[in-house]
Structures are given as C-alpha cells and as structure tokens.
Amino acid sequence: MIILSEETMKGGELINEKRVKAGLRPLDILPVPLLEEDKTTSDCCDEEEQKISSSNYRMRLLGTLLKPPQPNNNIPSCPYIIGLTGGIASGKSSIANYLKDLGAFVINADTLAHRLYDINQPAYQDIIDVFGPSILTTNNEVDRKKLGAIVFNNKDKLEQLNTIIWPLILQRVKSIIESTKDHNIVVLEAAVLLSANWQYHCHEIWVSIIPPNEATKRLQERNNLSEKQALDRINSQPSNCEYVKNANVLFSTLWSYNFTHVQIKRAWNSLLSRVSSIH
C-alpha cells in the first residue's frame, strides 16, 4: 500500500505504472487529506501555506536566533555590534534601513568605500597606481563602472583592489563606532564582511539570502547588467551555504516587504533581550 497526500496522487499512480511495466502488481493507494495550519496559535504570516508543512516551519526560523553568539573579547561589549551581510542584491540595505527605524545606528561599508575613491582620499592614488589612468573619467574621478568591469572578471585584480580598500574601510568603521555614544546597538552593513574577516569585529552576524536566480534577476534590473555580468559579481562572493554557516540570525527578502518586516521585528525584539542582559 502507498499512503500519500491528495496532492501527490499523481506520483503514486506513476509508481504503479512502473510496477506494472516491470511485471509487478500495482499497490493499493490510500490518499489522506492534508491538515490545515492553525495560524492563530503561531507566529506566522500570509505567505505561509495553509497546510502544515516543513516550509512553514523554515519560514518561521527566519529572524530567530539560529546559533547563540560566542563571547568576543576583542571588542568592548558596548556598543553591541551586528554584522549584517549577505550576497549582492539580497536586500541588506532594506533590512538595514528598517533596523535604523527601530533604533540601530547603521554604518554602510559600501558608502564608506565609495568615498575612499574620491580625489584626495587615501585610496585614490593607490588605485590609479595599480589599475592605471584608464579607469578615470574626464574629471579625473575613479569610474567605478570601469573599475568593476576589470575586477569582477579577474580575481587577482579584485584581490589587489580589496587589499587597498578593506583596511581603510575597517579603520573608518572603527573610528565611527568609537565616536558613537548615543546608541547601544550598531549595525555594520557589509557585503564583504566574511571575505574581509570583519566578523571578528562584531558580536553577532546577521545574514540575508535569496536564491541565485533571484539575485541575478534583481542585479540585472537594478544595475542594468547583462546576465554574465551579474553572474560574475555573484560568483565573486561567498555562496549562500557559506553565509548561512556563519549566521547567528538569517533573513530572506524573497517574499513581501511585510514578511521581511516580520522577520526583522522578530530578530530585533530578541536582540533587545540579549543586549539588556549584557548591559
């Protein structure tokens, strides 16, 4: 006998077809109805399925503490630093903006990096020395599109750029954190957090992930890139598995804004409890 749900009846019928072809007798099929999810007794959202399922359970894990943070004696306990990372186009900035609304002080590493490219900034001449004057605009500014076309197609070039930029970003991040007196919680939003080993300068790591095909689609639309250009940028970063392995808290912006906010509120309320027990 095959016991299955009503929605998987076709699979049971295919099994019997194969059995008959192999000279075996077909098995009796017993379909059972699916149990409906009681959404009044759990922390759920509209995007969940109406039936009881493992998918619903996994969605409810988003925004929860998956792995307790380990004590970090390398940094002071206050402010409490959250490293927010994830793949390109995974929704990190939208999460960071909502955390800011909830009361966190947010530092955007990408914004700091872009400023370092400006004329008379520390990275400007080093970048020209390595990549040549062809990356400059007519106003002698670094053309980040030209630079990106070089580094995202050449791992050695990308490493050279990172060697210049990453230490300078971290230096500025530390300076900003040291001068932040009015916030107990600081969020460092950085796509390169794991690659640059900045997780050791944080108390917790929060990660946003989406499927690679969705990231490719978003990146093409947002940055007006070809599919190959988008994939080159995605493949230059850690995989979703690597991000998840390092995550204390996990988000996904694959669904509606409302469900993203549900996840963030869940994480924020839990964080406030942890921080209050420390300070």
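Glu 204 and Arg 274 form a salt bridge, in which the closest N and O atoms lie 2.8 Å apart. Because Glu 204 belongs to strand S6 while Arg 274 belongs to helix H11 (residues 257-278), the pair ties together parts of the chain that are 70 residues apart in sequence. Glu 204 and Arg 274 are both buried. It should be kept in mind, here and in what follows, that the structure is a predicted model.

## Other salt bridges

A search of the whole structure finds 4 salt bridges, and another of them joins Arg 218 to Glu 214, with 3.0 Å between the closest N and O atoms. Arg 218 and Glu 214 both sit in helix H8 (residues 212-223), where their spacing of 4 residues amounts to about one turn of the helix.

Glu 242 also forms a salt bridge, with Lys 245 as its partner and a distance of 3.4 Å between the closest N and O atoms. Glu 242 and Lys 245 are 3 residues apart in helix H10 (residues 240-246), so about one helical turn separates them. Glu 242 has a relative accessibility of 31% and therefore counts as partly exposed, whereas Lys 245, at 54% relative accessibility, counts as exposed.

## The largest nonpolar core

In soluble globular proteins, nonpolar side chains tend to be buried together. In this model the largest nonpolar core has 45 residues, and those with the most contacts inside it are Ile 127, Leu 147, Ile 165, Ile 169 and Trp 198. At least two residues of this core come from each of helix H4 (109-116), helix H5 (124-131), helix H6 (144-151), helix H7 (155-178), strand S5 (185-189) and strand S6 (204-208). H7 gives the most to this core, namely 10 residues. Because residues of this core come from both domain 2 (61-104 + 183-278) and domain 3 (113-180), the core lies between these two domains.

Which residues does Ile 165 touch, if those up to four places away in sequence are not counted? Ile 165 touches Ala 113, Leu 116, Tyr 117, Ala 123 and Ile 127.

## Aromatic pairs

The structure holds 2 aromatic pairs. Trp 206 and Phe 251 are both buried.

In the pair of Trp 255 and Phe 259, the ring centres are 5.4 Å apart and the planes stand at 75 degrees, so this pair is edge-to-face. Trp 255 has a relative accessible area of 33% and is therefore partly exposed, while Phe 259, with a relative accessible area of 1%, is buried.

## The two faces of helix H9

Helix H9 (residues 227-235) contains the buried residues Ala 230, Arg 233 and Ile 234. These residues cover an arc of only 100 degrees around the axis, and they therefore lie on the same side of H9. Among the elements that cover the buried residues of H9 are H6 and H8.

Which exposed residues does H9 carry on the face turned away from its buried side? That face carries the exposed residues Lys 228 and Asn 235.

The chain is divided into domain 1 (1-30), domain 2 (61-104 + 183-278) and domain 3 (113-180). Between the C-alpha centres of domain 1 and domain 2 there is a distance of 45 Å.

Gly 23 is placed in the loop between helix H1 (9-21) and strand S2 (29-32). Is Gly 23 buried or exposed? With a relative accessibility of 64%, Gly 23 counts as exposed, because the cut-off for exposed is over 50%. Gly 23 and Pro 79 are 56 residues apart along the chain, and their C-alpha atoms are separated by 71 Å.

Conventions. Residues are numbered from 1 along each chain as its sequence is written. This is a predicted model: local features need pLDDT of at least 70, side-chain atom pairs count only at pLDDT 80 or more; totals for chains, interfaces and linings use all residues. Side-chain values use heavy atoms; hydrogens and water are left out. A nonpolar core is a set of buried Ala, Val, Leu, Ile, Met, Phe, Trp, Tyr and Cys residues joined through side-chain atoms within 4.5 Å. Buried means under 20% relative accessible area, exposed over 50%, partly exposed in between (1.4 Å probe, protein chains only). Domain bounds come from an automatic or database domain assignment. Contact means heavy atoms within 4.5 Å. A salt bridge is a side-chain nitrogen of Lys or Arg within 4 Å of a carboxyl oxygen of Asp or Glu. Rings of Phe, Tyr and Trp (its six-membered ring) pair if their centres lie within 6.5 Å; planes under 30 degrees apart count as stacked, over 60 as edge-to-face and the rest as tilted. The arc is that of the directions from the helix axis to the C-beta atoms.
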